[in-house]
Amino acid sequence: MLIAFSVAPSGTPSAGAERTDASVHDAVAAAVRVVRESGLPHRTTSMFTNIDHLRHGSASDRVAA
């Protein structure tokens, strides 16, 4: 199984938000940190973070959680 995800800006900035340039730096960094800490095999490219080689069982359960 292969899972690929990306983070894209949407909506309007929340009240008190410092950034108004639709930057997703913080969201991308947080998402990649979660994937790295999971220990799952992955690859981050300019477009997606891919989580590879999932099989039924504990690894796929961790992704679903």
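**Exercise 1. Is Asn-50 buried or exposed, and what is its relative accessibility?**

Before the solution, two notes. This is a predicted model, in which local features need pLDDT of at least 70 and side-chain atom pairs count only at pLDDT 80 or more, while totals for chains, interfaces and linings use all residues. Residues are numbered from 1 along each chain as its sequence is written, and side-chain values use heavy atoms, with hydrogens and water left out.

*Solution.* 
- Step 1: find the residue. Asn-50 sits in strand β3, residues 49-51. Strands (E, at least two residues) and helices (H or I, at least four) are DSSP runs, numbered from the N terminus.
- Step 2: recall the cut-offs. Buried means under 20% relative accessible area, exposed over 50%, and partly exposed in between, with a 1.4 Å probe and protein chains only.
- Step 3: apply them. Asn-50 counts as buried because its relative accessibility is 10%.
- Step 4: look at its surroundings. Leaving aside neighbours within four places in sequence, Asn-50 has contacts (heavy atoms within 4.5 Å) with Leu-2, Ile-3, Ala-4, Pro-41, His-42, Arg-43 and Thr-45.

**Exercise 2. Work out in what order the elements of the protein run.**

*Solution.* 
- Step 1: count them. There are two helices and three strands.
- Step 2: read from the N terminus. The order is β-α-β-β-α.
- Step 3: Of the 65 residues in the protein, 14% are buried.

**Exercise 3. Follow helix α1 to its end and describe Ser-38.**

*Solution.* 
- Step 1: check the span. Helix α1 covers residues 25-38, and its 14 residues reach 20 Å from first C-alpha to last, close to the 20 Å expected at 1.5 Å a residue. That expected span is 1.5 Å times one less than the number of residues.
- Step 2: inspect its side chain. A polar atom there lies 2.6 Å from the backbone oxygen of Val-35. A polar atom of the Ser-38 side chain also lies 3.1 Å from the backbone nitrogen of Leu-40.
- Step 3: step past the helix. Gly-39 follows α1 and has a positive phi, near 80°.

Terms used: Polar contact = N/O pair within 3.5 Å; in protein donor to acceptor, adjacent residues only side chain to side chain.
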